[in-house]
Amino acid sequence: MLDFVLRIGYSVSVKIKPIVSIVKCEDYDAGRVGDAVAEALRLAELDSSFNSGQNVLLKPNLLSARTPDEAVTTHPALVTALGKITLERGCRVAVGDSPPFNGETQARYDRLCEVTGIRAVADELSIPLLRFEEDVVRAANPEGRFYRSFEVARAALESDVIINIPKLKTHGLTAYTGAVKNLFGCIPGIRKGLFHVQSAEQRETFAQMLVDLLGVFKPAINVMDAVVALEGEGPNSGNPRHVGLIIASADPVALDAVACAIIGIDPLSIHTTRLAHEQGLGCGDLSSIDVRGESIESVRVSGFKQSSGHNDWARIPTPVRRLLRNQLVASPQVRSGECVGCGDCARACPVKAITPGKPVTIDLTRCIRCYCCHEVCNPSAINLKVGMVGRIVSALLRKK
Ligand code: SF4
Ligand code: SF4
């Protein structure tokens, strides 16, 4: 049970349930969305989570260059509504994301922002439109279970408040994508694709990576666009499905649990929700969540089409996929002459892929490319090496 516990004195403790608000919103009319978002924030007690002078980052889901009515990306009406609310409070507001393969160049990102309607939002509100690839920093994550550091967008890491604005969708790799998965966009560009490559055969490892990333970002406010969701073969090829809701919470895990229950998915069957719940990063247990506004039962959607579980990487034959992984994703390699056999890397490896010795040996078929071994090796005896194919792909993407 992962309720937040507020301790008073030595003997009295008060359990505070995370709040998730559910507010009806029939369409994307600007006035109706503005009212529904404001009501969702009020019910979830999020109105005081941002203050004058703070740097606020609006983080929608801008997966690909698709128009808002295709329901692949967060609708610009929600982004506008949250931008207006925070600007009126005197916050310094920016909006941005890192769409896979569309953030590598300014020209591609410009086109995506035009098509998704986010450029118009930034223009209307006179706020900066950020391309996350432009400024990347490494964020330490010492409490991470598998991944103890990430390369992330500086804008996301250094903002005072992240307002996470996911879209309710199905997903071929994770079954469902919502608040926790939307933070994946804080990892710039092609780096996201590399995580997909390495985890196509290890879905739980991919989910753990997302949970570790949650430990870095912890968005203060999460507001889901569930007015029109995407069912079937999401996150990019499904069909729009009217749900008519806006859902908000300070706890992205609790929000995901409630959203899943609404569309007929057992919340704890989603790896990210279960793992985050088990690791104390949020609450995935519906009985421990304070749902306000509409009840889950009153808005439950029947017959919401789930994902078949296929994803592009899983369709590639395993030997070819492994070859691609070894070529596209940097692999740790031991420099035999430099290894002093201290064993630090073997102790740091979360999946026990390193056999101690002098030099150590690394089983690359087990390795999840977390690079903990590289980080802990004081004599710098472990290199990270990207294959020729990976170097060519990176160069091509940056040129286009
Ligand atoms: S941490 Fe470095 S030096 Fe120590 S055993 Fe591992 S590779 Fe060798
Ligand atoms: S071998 Fe290194 S990169 Fe691979 S899983 Fe172990 S610690 Fe991570």
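Proline 235 sits in the loop between β12 (221–231) and β13 (239–249); strands here are DSSP runs of E with at least two residues, helices are runs of H or I with at least four, and both are numbered from the N terminus. The bond linking glycine 234 to proline 235 is a cis peptide, with omega about 10°. Proline 359 belongs to the loop between β16 (354–355) and β17 (361–362).

A word on the model: it is predicted, local features need pLDDT of at least 70, side-chain atom pairs count only at pLDDT 80 or more, and totals for chains, interfaces and linings use all residues. Residues are numbered from 1 along each chain as its sequence is written, while chains are lettered from A and ligands numbered from 1 in the order in which they are written.

As for the backbone, most residues other than glycine have a negative phi, and most peptide bonds are trans. Serine 126 has a positive phi, near 55°. You'll find serine 126 in the loop between α4 (118–125) and β6 (129–131). Arginine 369 also has a positive phi, near 55°, and lies in the loop between β17 and α14 (372–376).

Serine 126 is exposed because it has 9 other C-beta atoms within 10 Å. Arginine 369 has 22 such neighbours inside 10 Å, so it counts as buried. Glycine 337, in the loop between β15 (331–334) and α13 (344–348), has 7 other C-beta atoms within 10 Å and is therefore exposed. Its C-alpha atom is 14 Å from that of asparagine 378, 41 residues away along the chain.

Zooming out, the protein is divided into domain 1 (18–299) and domain 2 (329–399), with bounds from an automatic or database domain assignment. Their centres, taken over C-alpha atoms, are 32 Å apart.

Next, the helix pairs. Axes are lines fitted to C-alpha atoms, for helices over the stretch in contact, and angles run from 0 to 180 degrees between N-to-C directions.

| Helix pair | Angle | Axis distance |
|---|---|---|
| α2 (76–88) and α4 | about 25° | 9 Å |
| α8 (203–217) and α10 (271–278) | about 55° | 9 Å |

Angles under 35 degrees count as roughly parallel, over 145 as roughly antiparallel, 65 to 115 as roughly perpendicular and the rest as oblique. That makes α2 roughly parallel to α4, whereas α8 and α10 are oblique to each other. The crossing of α2 and α4 is right-handed, meaning the near helix is turned clockwise from the far one by less than a right angle, with anticlockwise giving left-handed. The α8 and α10 crossing is right-handed too.

What surrounds the ligands? A residue is near a molecule if its C-beta atom, placed from the backbone, lies within 6 Å of it. Ligand 1 has 15 residues around it, of which Cys339, Cys342, Asp344, Cys345 and Cys377 come nearest. Ligand 2 has 14, with Cys349, Cys367, Cys370, Cys372 and Cys373 nearest. Ala, Val, Leu, Ile, Met, Phe, Trp, Tyr, Cys and Pro count as nonpolar, Asp, Glu, Lys and Arg as charged, and the others, Gly among them, as polar. On that basis the ligand 1 shell has twelve nonpolar, two polar and one charged, and the ligand 2 shell has 13 nonpolar, no polar and one charged.

Note on methods: A residue is buried if 20 or more other C-beta atoms lie within 10 Å of its own, exposed if 12 or fewer, and partly exposed in between; C-beta atoms are placed from the backbone.
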